[in-house]
Number of protein chains: 2
Amino acid sequence: MLAIMSDPGSAHQFDSVFHRTERRRSQPSLTRERIVEGTIALLDRDGARALTMRKVATELGVHATSLYWYVKRREDLVDLAVDGILAEAAADLPAPDAPWDTAIRETARRYYAALTAHTWAAEFAGSRPLIGPNAVTLGRRIVNALHGLGDEEQQAVAIRAVSNQIIGAATSAVAMQTTKAHASHEHEAVMDTAVSEPDGLAVEHTYFDKALDLILEGITARHDA
Amino acid sequence: MLAIMSDPGSAHQFDSVFHRTERRRSQPSLTRERIVEGTIALLDRDGARALTMRKVATELGVHATSLYWYVKRREDLVDLAVDGILAEAAADLPAPDAPWDTAIRETARRYYAALTAHTWAAEFAGSRPLIGPNAVTLGRRIVNALHGLGDEEQQAVAIRAVSNQIIGAATSAVAMQTTKAHASHEHEAVMDTAVSEPDGLAVEHTYFDKALDLILEGITARHDA
DNA sequence: ACCTGAACACCGTTCAAGT
DNA sequence: ACCTGAACACCGTTCAAGT
């Protein structure tokens, strides 16, 4: 969830990996960074269901219990991995002086693209609060873009409309994708839309842009009034 | 995901509980209906993490392995439970001749309310395709409401904008809620927004209405042009 | 047709012990 | 400070056996 970005202070009240500092020595065989890389590699290769402490450990050539020196629980791996792939999106954001609507379009697009590029990320994003540093960076860019458009409440509404669109679109696109993947596997004669739409994710991506435009038009209409 | 509702045909290609007919005899001690009720009761009481085959079985006074006569896998329980709580929303929908915008507002509102009333439902909805009968009923009501507003593509865009808003808002609201719950447990001095906002879900509910209005204004603006 | 019971191959997590 | 190894209390699922 992105809503926290309108209220960054409350993030400090929540026990999350991102608030716990990492313990480390001079030459450890493990690092939180290495763990995150291994987790992402595993997830990209074998999917969300493959995320177990034991498999991540095997991926890194250590024992499962070693991971607990660096993270507190399995969910931490999820949170770190999701925020990890958001790094792609959080780097290279639109310039601060960009027009508000193109700033939102660009940021939202990158956010959505990162989540759908790693299907597991979209799956997890629906059930975990998105309060990692990269998620916060992305959220702030949207907040800044809307700053000055209407009063505070109008901004809060616009922020939620955009955020919800990103999360909702990403999870829906991925769920639809995996649905069709199942279908193709289980029926040999594939005569459904999976054929007429060779790349469902690409189609959804353009729908995402257009749905976002709808929201931006709504904001504009309200702002001009 | 709701996107399937714009393409009901493809649902038949996917191996889901909803396509498998139930086996039953005259007086079985178990029923798919009883199982769903027990699952929902368990989830409402103990939360999403408590959903295990063994606990559901205990809830119903049978052995875990007995459940496999009625469902194929654990995920089936998730899908059935989520669609189960959507029954509240799918019953008593706005009349077919209601104005399109109030029809959408009412339907979306009920959909969102059902998902947030059972926090586990919102959590699961983000990672499972919403293709149960009640989800389909709700989706169809939205599709029907938009029928005739613009060409087919404009309708598809509007459908996605509304659907994504429902899913995104529900998952965000619930994630935020649980975040704050954690905070209250782990810090004795609760001086964050959880205090100034005694009922976060209620606040989010009114934000949901307003964000949805933004989308409806976008649709109107486009339609009038 | 329905339900049990044993069994298999896993899980996450704790914790004492090693270095 | 970091990592191992054993151990605990779970999991989902299959399948032969009962009725």
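Me: In which helix of chain A is the place of A:Val162?

Reply: A:Val162 lies in helix α7 (residues 152–186) of chain A. Helices here are DSSP runs of H or I with at least four residues, strands are runs of E with at least two, and both are numbered from the N terminus. The model is predicted, so local features need pLDDT of at least 70 and side-chain atom pairs count only at pLDDT 80 or more, whereas totals for chains, interfaces and linings use all residues. Residues are numbered from 1 along each chain as its sequence is written, chains are lettered from A and ligands numbered from 1 in the order in which they are written, and side-chain values use heavy atoms, with hydrogens and water left out.

Me: Why is A:Val162 called buried?

Reply: Buried means under 20% relative accessible area, exposed means over 50%, and partly exposed lies in between (1.4 Å probe, protein chains only). A:Val162 has a relative accessible area of 0%, and therefore counts as buried.

Me: Which residues is A:Val162 in contact with, leaving aside its neighbours within four places in sequence?

Reply: They are A:Ile104, A:Ile142, A:Leu212 and A:Ile215, where contact means heavy atoms within 4.5 Å. A:Ala211 is 49 residues from A:Val162 in sequence, and their C-alpha atoms are 9.9 Å apart.

Me: Why does A:His118 count as buried?

Reply: The relative accessibility of A:His118 is 11%, so this residue counts as buried. A:His118 is found in the loop between α4 (100–117) and α5 (119–125) of chain A.

Me: What makes the pairing of the side chains of A:His118 and A:Glu88 a polar contact?

Reply: A polar contact is a pair of N or O atoms within 3.5 Å; within protein, one must be able to donate a hydrogen and the other to accept it, and residues adjacent in sequence count only if both atoms are side-chain atoms. The side chains of A:His118 and A:Glu88 make such a contact at 2.9 Å. Leaving aside neighbours within four places in sequence, A:His118 is in contact with A:Asp44, A:Ile85 and A:Glu88.

Me: How many helices and strands does chain A have?

Reply: Chain A has 9 helices and 0 strands. Of its 225 residues, 53% count as buried.

Me: What is the span of helix α6 (residues 133–146) of chain B, and what is expected?

Reply: The expected span is 1.5 Å times one less than the number of residues. Helix α6 of chain B has 14 residues and reaches 20 Å from its first C-alpha to its last, close to the 20 Å expected. Its buried residues include B:Leu138, B:Ile142 and B:Leu146.
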